[in-house]
Amino acid sequence: MIVYADILFLIDASMDFLTLYLCSKCTCRKTSLRRMLLGAGSGAAGSLILLFLPESPALIILSGIMLSGIMVYITYGKMGTIPAFLRQCILVWGCGALSGGILSVLLSMGNPVYTKMPGKSSYPTAYLTAVVICILLARLFTYRKGASFAEITIRRGSRTAKTTALVDTGNLLKDPLSGSPVILVSAKSIEYLYPVLHSGNIGENTKLRLIPSGSVGGEKLLYGIIPDEVKVDGIVCRAVLVVEDIPENHYGGYGALCPGSLIQT
């Protein structure tokens, strides 16, 4: 069997790009087109290198794991924590298995276009069909994630507090100075970090912002707090907290309301 390296590279790169696209849509993690292309290119280049490795299952599996980690790092950058990075790697592997499985079924009646075998034709339309199916699946996952939730970790000094937030794409509040998105959070959820807030006081050494907010009742200013660190699903991000003296499960049963823009960063 003759293998054309250039065509194999393009096919692998396109499938890796499709895998990264599908994973980004399913996890609502936004990344740039440039990073996705670089990640897909590194995956395709690594696949060509794997062809020259000895036929050792353990070596091939280990090399594949390392290659997937490189793709994730190039595409999504630092994930904040090792568990978050490993979770994203697993998701990429899963999306790769899904797209690869679809392609395997479509190609079961012929040979890939990068091979040449006498008497048999190839089916390049299978690749286009796999692309269409994966894009439709990504759209479906994105549509169903309209009411999702995220894990919020807030740090003040050496103390941290965690709460689960309902993701609201309609939350468009931003800090007018920095442009950072605003997370609405129940005072009860972070009482461990800011114990005086529940009693109506701001507390010392607290960085404040005034956040303009408009509603049916009119315009008003909200007090925003800048914590030392905020993580959304393990990813460090810039955000301002608006602490409200409301029940802990006020936001649809969750302790906070997170803007959709933070999920897509």
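**Figure 1. Helix α4 spans residues 82-106.** Helix α4 has 25 residues and runs 36 Å from first C-alpha to last, close to the 36 Å expected at 1.5 Å a residue. That expected span is 1.5 Å times one less than the number of residues. Helices (H or I, at least four residues) and strands (E, at least two) are DSSP runs, numbered from the N terminus. The buried residues of α4 are Ala84, Gln88, Cys89, Val92, Cys95, Ser99, Ile102 and Leu103. Buried means under 20% relative accessible area, exposed means over 50%, and partly exposed lies in between (1.4 Å probe, protein chains only). This is a predicted model, where local features need pLDDT of at least 70 and side-chain atom pairs count only at pLDDT 80 or more, while totals for chains, interfaces and linings use all residues. Residues are numbered from 1 along each chain as its sequence is written, and side-chain values use heavy atoms, with hydrogens and water left out.

**Figure 2. Helix α2 covers residues 33-50.** Helix α2 has 18 residues. Its first and last C-alpha atoms lie 26 Å apart, close to the expected 26 Å. Buried in α2 are Met36, Gly39, Ala40, Ser42, Gly43, Ala44, Gly46 and Leu48.

**Figure 3. The largest nonpolar core has 20 residues.** A nonpolar core is a set of buried Ala, Val, Leu, Ile, Met, Phe, Trp, Tyr and Cys residues joined through side-chain atoms within 4.5 Å. Ile152, Ile183, Val230, Val232, Leu241, Cys258 and Leu262 have the most contacts inside this core. Two or more core residues come from each of β3 (149-156), β4, β5, β8 (229-232), β11 (256-259) and α6 (260-263).

**Figure 4. Leu262 and its contacts.** Contact means heavy atoms within 4.5 Å. Leaving aside neighbours within four places in sequence, Leu262 is in contact with Pro181, Ile183, Val232, Cys237, Arg238 and Ala239. Ile183 and Val232 are, like Leu262, among the residues with the most contacts inside the largest core.

**Figure 5. Arg155 and Glu229 form a salt bridge.** A salt bridge is a side-chain nitrogen of Lys or Arg within 4 Å of a carboxyl oxygen of Asp or Glu. Here the N to O distance is 3.7 Å. The pair links distant parts of the chain, with Arg155 in strand β3 and Glu229 in strand β8, 74 residues apart. Arg155 is partly exposed, at 28% relative accessible area. Glu229 is also partly exposed, at 24%.

**Figure 6. Asp175 forms a salt bridge with Arg209.** The closest N and O atoms are 3.0 Å apart. Asp175 sits in the loop between β4 and β5, and Arg209 in strand β6 (residues 208-215). The two residues are 34 residues apart and link distant parts of the chain. Asp175 counts as buried because its relative accessibility is 2%. Arg209 is partly exposed, at 25%. A search of the whole structure finds 2 salt bridges.

**Figure 7. Ser180 lies in the loop between β4 (159-168) and β5 (182-186).** Ser180 counts as buried because its relative accessibility is 7%. A polar contact of 3.0 Å joins the side chains of Ser180 and Ser178. A polar contact is a pair of N or O atoms within 3.5 Å; within protein, one must be able to donate a hydrogen and the other to accept it, and residues adjacent in sequence count only if both atoms are side-chain atoms. Not counting residues up to four places away in sequence, Ser180 touches Leu173, Lys174, Asp175, Arg238, Ala239 and Val240.

**Figure 8. Glu219 in strand β7 (residues 218-225) and Gly214 in strand β6.** Glu219 is exposed, at 69% relative accessible area. Leaving aside neighbours within four places in sequence, Glu219 is in contact with Ser213 and Gly214. Gly214 is exposed too, at 52%.

**Figure 9. Residues 113-121 have pLDDT under 50.** pLDDT is the predictor's confidence in each residue, from 0 to 100. For residues 113-121, the model has 21 contacts beyond four places in sequence. The chain averages a pLDDT of 76, and 75% of the residues score at least 70.
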